[in-house]
Amino acid sequence: MTRVLIVDDQFLIRAGLRGVLDAAPGIEVVGKASDGEEAVQVAAETRPDIVLMDIRMPGTNGIQATERILAEADDREPPPRVLVLTTFDLDEYVYGALRAGASGFLLKDSGPERLLAAVTAVGGGDSLFAPSVTRRLVAAFARQPESAGTPPPGAQPARDLEALTSREREVLRLTGLGLSNAEIADRLHISTATVKTHLNRTMSKLHLDSRAQAVVVAYETGLVTPGG
């Protein structure tokens, strides 16, 4: 069973999401929260596999809650995967959540089938975002320190690329451009498994939780430039 925590400040949305998920086989809703602070507490108590996280909430917002949930899960294997719920795809808050380690985002007007497919994909270890959309999103908000999505000091991804080999830097650059593992393998004339190894080592060295974070770092370090 995939264990899901629902976080949204609107009762009707929480109830609607629960109704869809409760009717689906293989999914168990283990908790609900109406704000980010409660989400952190309930996540610690229920240890979900997936957190459906509303991004714009009063008090502790979805970015802050994502950071805290993932930080407090550092000793867990694997940590919960955060799927952001948003009204707009090009949203600085969504950028902030991806930067904080969310595995992807889902528009709130998505239908039940899309929701279930998203939960299944993220539960299976995949990231959920279209590379072209994520690239536009990151290009729009990267390097804007006053952005509402900027994490506080100490929560930012590591940006020192000196620890990476030249091949790892190249794989990171191509990941930032939105290429899939298969496309990177074809570009560099190596196997897909080797690409995965390089990317996994890169993410480990830079303390990244998701491929989306890797895209953000590629932009913020200048490996990829908007429009490049």
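Guide: The following account begins with the sheet and then turns to its surroundings.

The model is predicted, so local features need pLDDT of at least 70 and side-chain atom pairs count only at pLDDT 80 or more, while totals for chains, interfaces and linings use all residues. Residues are numbered from 1 along each chain as its sequence is written, and side-chain values use heavy atoms, with hydrogens and water left out.

Helices (H or I, at least four residues) and strands (E, at least two) are DSSP runs, numbered from the N terminus. Two strands pair if DSSP finds at least two bridges between them. On this basis there is an open sheet of 5 strands, paired in parallel in the order β2-β1-β3-β4-β5. At the edges stand β2 and β5, each with a single partner strand, so one side of each has no neighbour in the sheet. From one strand to the next, the twist averages 25°. Axes here are lines fitted to C-alpha atoms, for helices over the stretch in contact, and angles run from 0 to 180 degrees between N-to-C directions.

The pairings can be followed across the sheet. Strands β1 and β2 run parallel and are joined by 6 bridges, with Ile 6 opposite Lys 32 in β2. Between β3 and β4, also parallel, there are 5 bridges, and Val 51 faces Val 82 in β4. Strand β4 then pairs with β5 (residues 104-107) in the parallel sense over 4 bridges; here Val 84 has Phe 105 in β5 as its bridge partner.

Burial comes next. A residue is buried under 20% relative accessible area, exposed over 50%, and partly exposed in between (1.4 Å probe, protein chains only). Since 5 of the 6 residues of β4 are buried, this strand is largely enclosed by the rest of the structure. Asp 54 lies in strand β3 and is buried, with a relative accessible area of 3%. Contact means heavy atoms within 4.5 Å. Leaving aside residues up to four places away in sequence, Asp 54 touches Val 7, Asp 8, Asp 9, Gly 62, Leu 85 and Lys 108. An unreviewed UniProt entry lists Asp 54 for "modified residue: 4-aspartylphosphate"; UniProt positions are given in the numbering used here, feature names are shortened, and annotations may be inferred rather than shown by experiment.

In helix α1, the buried residues are Arg 14, Leu 17 and Leu 21. Seen down the axis of α1, the buried residues fall within an arc of 70°, so they line one face of the helix; the arc is that of the directions from the helix axis to the C-beta atoms. An α-helix has 3.6 residues a turn, so residues three or four places apart point the same way. The buried residues of α1 pack against β1 (2-7), β2 (27-33), β3 (50-54), β4 (81-86) and α5 (112-123). On the other side of α1, Phe 11 and Leu 12 are exposed.

Helix α5 also contains Val 122, which counts as buried at 0% relative accessibility. The C-alpha atoms of Val 122 and Gly 104 are separated by 8.1 Å, although 18 residues apart along the chain.
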